[in-house]
Amino acid sequence: MSTPLLQARGLQKSFATGDGGLFGQGRHRHMAVDGIDLAIEPGTTLGCVGESGSGKSTLGRMLVGLIEPDEGSVTFDGQDVAKVAGKERAALRRNMQVVFQDPLLSLNPRRTIGQNIQRPLRNYGVGGSEAEDRMARLMKMCGLDPAQAARYPHEISGGQCQRVAIARALALEPRFVFLDEPVSALDVSVQAQILNLLLDLQAELGLTYFFVTHDLKLIEFMSQQVIVMLKGSVVERGTSAEIWQSPKHAYTQNLLRSVLRLGSTPDWARFAASETSSVIP
Ligand SMILES: Nc1ncnc2c1ncn2[C@@H]1O[C@H](COP(=O)(O)OP(=O)(O)OP(=O)(O)O)[C@@H](O)[C@H]1O
């Protein structure tokens, strides 16, 4: 085992719920993530599966520093994220990016796709022809034609929008990407293309992923290691094959049974293999 790129210890996050009532009697705190430890090795994917509301997104957001944990710590490349300040913090932030579920919502609709991709570069002081060149390279790498840079998000398909969101996430050359259900808003045939793109980019750039989904079959295809979440806790963890072939927790067994019974999700490995490679060399 190599040294983990990212490690979390005792991560905990609760949110206030209820309107509080007249005397505050209705106010409670809901524990969204309840003391989670995890480690992700460089160049690998940790898949996270669980029902809606189990805390997957909250966990991912804490890993990339979008929200602060109430308790616990995140260590990236040996650095405690909470203790890093100034220039080092900015460098750390560049290294951790997110791709959200709905690309149309995550892109700025008033900016062209080229401007969307260049935004993080400009935020970090890269402008002019250097930003233009990098944008064109990122677009090609993500299977987009740079000639489309002047179009707006609503003028391209959902799959192309997600390619733009991925290109934007990669603009600052991160090492770690939190993929928050990156294909669930897309048509099934487009899903396979985006999954292939993510796998190709991982192989080419050595990226490390935290991949969140509801789909157990998809997690088997995308991840080496898996955690299963239920009500804010990890109820099962193991390799993809272990979770798929011999799940121990009753919740995972039920999840698996329903996947097998419904047969509603595609055989990703076979399906994706039938798609051509997604990256333009
Ligand atoms: N900003 C917030 N304020 C209040 N409650 C929140 C907030 N974010 C998340 N929650 C609550 O925390 C719990 C976990 O939410 P989270 O989005 O992490 O779950 P999830 O497993 O990602 O769900 P889904 O699969 O539906 O996206 C839920 O009960 C949710 O309502």
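**A chat about the ligand shell, sheet and core**

Me: Which elements each supply at least two residues of the shell around the ligand?
Reply: In this predicted model, those elements are β2 (28-40) and α1 (56-63).

Me: Which of the elements gives the most to that shell?
Reply: That is α1, with three residues.

Me: And which residues are around the ligand?
Reply: They are F15, H30, A32, G50, S52, G53, S54, G55, K56, S57 and T58.

Me: Let us step back to the whole protein. How many helices and strands are there?
Reply: The protein has 11 helices and 10 strands.

Me: What percentage of the residues count as buried?
Reply: Of the 281 residues, 40% count as buried. As for contacts with a separation of 6 or more, 69% are accounted for by residues 24 or more positions apart.

Me: Back to β2. In what order do the strands of its open sheet come?
Reply: The order is β2-β1-β4-β5, four strands with antiparallel pairing. At the edges are β2 and β5 (79-80), each of which pairs on one side only.

Me: What packs on the sheet?
Reply: Helix α1 does, touching β1, β2 and β4. The direction of α1 makes about 125° with that of β1.

Me: How many bridges join β1 to β4?
Reply: Five bridges join β1 (residues 6-17) to β4 (residues 71-76), and the two strands run antiparallel. Within this pairing, Q12 stands opposite E71 in β4.

Me: New topic: which residues of the largest nonpolar core touch the most other members?
Reply: They are C48, L63, L138, A167, L179 and F210, in a core of 69 residues. Helix α6 (residues 158-170) gives the most to this core, with seven residues.

Me: What does L179 touch?
Reply: Not counting residues up to four places away in sequence, L179 touches V99, L198, Y209, F210, F211 and V212.

Me: One more residue: where is Q191 found?
Reply: Q191 is found in helix α7 (residues 188-205).

Me: Why does Q191 count as buried?
Reply: Q191 counts as buried because 23 other C-beta atoms lie within 10 Å, and the cut-off is 20 or more.

Me: With which residues is Q191 in contact, leaving aside its neighbours within four places in sequence?
Reply: Q191 is in contact with V183 and L186.

Me: And how many residues apart are Q191 and T58 in sequence?
Reply: Q191 and T58 are 133 residues apart in sequence and 23 Å apart in space, C-alpha to C-alpha. T58 is one of the residues around the ligand.

How values were computed. Residues are numbered from 1 along each chain as its sequence is written. This is a predicted model: local features need pLDDT of at least 70, side-chain atom pairs count only at pLDDT 80 or more; totals for chains, interfaces and linings use all residues. A residue is near a molecule or strand if its C-beta atom, placed from the backbone, lies within 6 Å of it. A residue is buried if 20 or more other C-beta atoms lie within 10 Å of its own, exposed if 12 or fewer, and partly exposed in between; C-beta atoms are placed from the backbone. Two residues are in contact if their C-beta atoms, placed from the backbone, lie within 7 Å. Two strands pair if DSSP finds at least two bridges between them. Axes are lines fitted to C-alpha atoms, for helices over the stretch in contact, and angles run from 0 to 180 degrees between N-to-C directions. A nonpolar core is a set of buried Ala, Val, Leu, Ile, Met, Phe, Trp, Tyr and Cys residues joined through C-beta atoms within 7 Å.
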